[in-house]
Structures are given as C-alpha cells and as structure tokens.
Amino acid sequence: MSPRQTLDARHLLCPLPLIRVQDRVQTMLAGTLLEVSCTDPGTLHDIPTWCRLYGHRLLHTYRNDPLLVFTIEVSGAHAAPTDAPAPG
Amino acid sequence: MTKRRKAVALISGGLDSMLAARVILDQGCHVEGLNFFTGFCVEGHTHAIRQREHKPIKRNNALWVAGELGIKLNFVDVVEEYKHVLIHPKHGYGANLNPCLDCKSFMVRKGYEWMRANEFDFLITGEVIGQRPMSQRRGTMPVIARESGAGDRLVRPLCAKHLAPTLPEREGWIDRDKLYAFNGRSRKPQIALAAKYDFKDYAQPAGGCCFLTDKQYSAKLRDLWRTRHSRDYALDDIMLLKVGRHLRPRPHFKLIIAREQGESNFLEGYRYQFTHLRTISHPGPLALVDGEVDTDDLRLAARLLARFSKGRLANTVHVQIAGHNQASWTMEVAPLTPSAIPGHWYL
C-alpha cells in the first residue's frame with residue numbers, strides 16, 4: 001500500500017487550499033497518497049483541475065457537507081525528486 | 001533542431017493574461033502560469049465566504065484559465081512580502097489604498113525571479129497600454145520593466161507592437177508580426193481575440209480584482225492601522241476586513257457583524273480569538289468584538305447586534321456573549337433604534 005499523508009485545509013478559503021496542496025505535493029514522492037480535507041466548496045472544481053494539469057490522479061472524493069476529502073496520488077511531474085528526504 | 005523556448009505568464013484569472021499566454025502558446029513556446037496570492041484578491045475568498053455568490057459555479061479563475069489553456073499554474077503566496085509594497089509604495093497610491101504601479105513591478109519582479117530559478121527564457125503579461133490609469137500607461141511600461149529587473153525579457157504580447165522589440169523578438173524566439181497592437185481602454189480587441197480563440201465563460205475583464213481599489217475596504221484598512229497605531233497586519237486582519245458590516249461605536253472597539261449565513265459560518269472560525277455575540281431569543285448573525293471592552297461596551301454591542309437580528313422590533317432580545325476563554329453569559333437588551341446608530345459608526 002502506498003504511504004499516505006494527510007493535510008488539513010479545512011476553514012481555508014480559495015486559493016489557500018490549493019497553495020497548501022501544491023506546497024505539500026512538492027515534498028512528496030511519486031506514487032504516494034495525499035488525503036486533503038477541505039471545507040471551501042470551490043475546491044470541488046479546483047482540486048480536480050489542478051490534479052489534471054499536473055498529472056496527479058484524483059483517486060477519490062468524499063463529500064459530507066461542508067467537509068470534502070480528496071485523495072490524490074502524486075505523480076512524478078510535480079513531486080519531490082526520489083532522493084529528496086521525506087518530510088517528517 | 002531549434003530549442004523550444006519557455007515562457008512564464010502572469011495569470012490573474014482575467015481575459016488579458018489569458019489571451020497573452022495563448023498568443024505565446026500559439027508560437028510554439030512552452031508556457032507555464034504564475035498566480036500571486038497577496039491576501040487582497042477579490043475572487044476566491046469573498047466568493048467562497050458569501051453564500052449568495054455561490055452561483056455561478058465557484059472556481060479559481062486563474063486555475064480555470066490554466067485549465068482552458070492546458071498549462072501548469074504555480075501559486076505563489078506573497079502575503080508577507082506584499083506588506084512592504086502596500087505600506088511603502090514608491091509610486092504612491094491610486095484613488096484608494098491601491099499601489100498599482102508598485103504592485104505590478106513587484107509581481108513582474110517575482111515572476112522574473114521564478115523565471116530565472118526555473119530556467120525559463122522570458123516572462124509575459126497581459127498588460128495593454130492605456131488600459132489602466134495608474135499601472136498600464138505608455139510611460140509606466142518601461143518603469144515596470146526596469147524596476148522589476150526583467151528588462152527586455154518582459155514581453156507584453158497584446159501591445160508589443162507599440163513597444164520596442166524585446167529580446168525574445170530580436171532573437172527570433174517569437175515572431176513580432178504575430179503579436180498585437182492593442183491600445184486604450186476599449187475591450188473590443190480583446191473580446192474579438194477571445195472570440196477567435198473560442199474562449200467562453202471567461203471572467204469579466206478590467207478592474208475589481210483587488211480589494212485595495214475599493215473605497216470602503218480601504219477605509220476599513222485605514223481604520224485598522226489608525227486604531228492599532230501601526231501599519232502592520234496579519235492575513236487574518238485583512239481577511240476579516242472583507243467580511244461583514246464593520247461598526248466602530250467607540251474608539252477602542254469595533255463590531256464585525258455577519259451579513260448572511262455564509263459570513264456567520266466564516267466568522268465562527270474566529271470565535272476562539274475574539275469575544276463574540278449571538279442572539280439566542282431570535283435568529284440573527286454572529287458578531288465579533290475587536291478591541292478591549294467592559295460591561296458597558298458589551299451592552300452597547302449587544303444592543304447593536306440585536307438591531308441586526310430578527311428581533312430588531314422586539315422590546316428585548318437575549319444575546320449570548322462568550323469571551324476568549326469561551327465562558328459565556330446572557331444579556332437581555334433592547335435593540336438600538338436606527339436613529340441611535342450614527343452613520344459614522346459604519347466603517
């Protein structure tokens with residue numbers, strides 16, 4: 001099973017959830033999973049678009065208003081180099 | 001084989017930067033976008049907060065542009081760095097607290113730094129000569145190029161033919177003949193070019209993208225600086241200025257009263273940082289108290305809040321008050337009458 005990280009972006013408003021996701025993904029290795037929790041409904045549009053542009057796979061979207069949880073599989077296009085230290 | 005050149009485009013989410021990026025994409029260059037978050041952007045936060053603005057579909061317009069163009073978009077958080085631009089603008093402010101020329105130079109400089117760090121070849125913006133009274137004039141174009149450090153690696157594809165050829169044009173990385181000569185405040189050329197590219201549903205162009213151009217927002221920011229005796233600010237400070245009615249009934253405190261449910265939900269996120277009030281005998285908004293208050297102040301705040309509740313015409317309204325430590329108590333108050341709320345309380 002791929003290693004999974006979580007990111008709490010609840011109560012952040014656009015574009016801060018995207019900025020947090022972008023910054024986190026840049027520290028992650030290709031193939032790892034990021035589970036992001038959001039409450040801004042705009043992320044329903046933005047996170048899938050962002051994943052598409054960078055080639056990350058959006059594996060799952062869980063919705064229980066106002067909570068949104070996105071599970072992203074990080075691609076190699078945007079991720080940290082494989083010799084980068086994994087974040088703690 | 002000719003090297004494919006790489007351009008970074010400043011993408012605001014409006015039509016002009018979208019067109020500029022597309023023009024350069026059409027010349028076979030690799031293009032990526034940059035979008036800066038200053039904390040003062042109108043879109044995004046405000047749309048996300050207010051429920052009545054949930055239609056049409058909520059989206060980040062810069063990201064939508066990138067999606068339409070099929071380019072990557074890099075978000076850059078410049079909240080901290082932007083403070084210096086706002087507080088000490090070399091070229092001064094516009095009609096309100098908008099430091100447009102300094103802002104443009106700052107963003108082009110950040111873009112140029114990103115360009116160099118990521119080994120891109122040049123930088124593009126959607127600027128058009130004469131489009132904006134402060135930052136997009138013939139005389140300011142070279143100022144931005146010079147002060148940002150970008151120099152002749154800065155290309156403005158929409159008005160390039162009014163300007164001297166840039167390095168990418170001189171070197172043949174891009175074809176000057178395929179750039180444009182837009183000029184002035186008319187939007188017709190942009191709209192025609194958008195139609196040529198079959199762009200639809202783009203964000204409405206020109207102005208209104210920054211809260212600092214807004215008279216009321218600027219008044220609230222000036223009030224914040226004046227009452228704190230400092231021009232510094234945190235992201236939460238400038239966020240809260242976007243939300244609710246702000247009333248300052250006494251010099252030492254103000255109330256932030258939500259205008260609708262979406263704003264109440266947003267202000268809920270600040271209830272651990274502020275003394276807050278809500279009406280419990282009648283439906284009503286949440287209010288935050290910004291400042292140090294005593295019991296008399298809280299009674300005034302409660303009466304003011306009651307005025308904005310469904311109990312505004314009732315003899316009395318019960319208002320729950322919770323302090324920083326979340327200990328709460330209830331006051332029974334008579335709502336203020338409209339005539340008891342002077343206009344100058346509204347910020």
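Helices (H or I, at least four residues) and strands (E, at least two) are taken here as DSSP runs, numbered from the N terminus. The model is a predicted one: local features need pLDDT of at least 70, side-chain atom pairs count only at pLDDT 80 or more, and totals for chains, interfaces and linings use all residues. Residues are numbered from 1 along each chain as its sequence is written, while chains are lettered from A and ligands numbered from 1 in the order in which they are written.

Confidence comes first. For pLDDT, the predictor's confidence in each residue from 0 to 100, chain A has a mean of 87, with 84% of its residues at 70 or more. Residues 82–88 of chain A fall below 50, and beyond near neighbours in sequence this stretch has three contacts in the model. A contact here is a pair of residues whose C-beta atoms, placed from the backbone, lie within 7 Å.

Chain B splits into domain 1 (6–211) and domain 2 (243–345), with bounds that come from an automatic or database domain assignment. The C-alpha centres of the two domains of chain B sit 41 Å apart.

Now for the sheets. Two strands count as paired if DSSP finds at least two bridges between them. In chain B, an open sheet of five strands runs in the order S3-S2-S1-S4-S5, with parallel pairing. Its edges are S3 (73–77) and S5 (154–155) of chain B, each pairing on one side only. Strand S2 (residues 30–37) of chain B is joined to S3(B) by five bridges, and B:Leu34 has B:Asn74 as its bridge partner in S3(B).

Further along chain B, strand S6 (residues 245–250) and S7(B) make a hairpin with two residues between them, paired antiparallel over four bridges. Strand S9 (residues 286–291) of chain B also runs antiparallel to S7(B), through five bridges, and there B:Ile256 stands opposite B:Leu288. Strand S7 (residues 253–257) of chain B is mostly covered, with five of its five residues buried. A residue is buried if 20 or more other C-beta atoms, placed from the backbone, lie within 10 Å of its own, exposed if 12 or fewer, and partly exposed in between.

Helix H3 (residues 61–69) of chain B holds B:Glu68, which is partly exposed because it has 18 C-beta neighbours inside 10 Å. The contact between the chains takes 17 residues from chain B and 16 from chain A. On chain B's side, helix H2 (45–49), H3 and S3 each give two or more residues.

Terms used
Contact = placed C-beta atoms within 7 Å.
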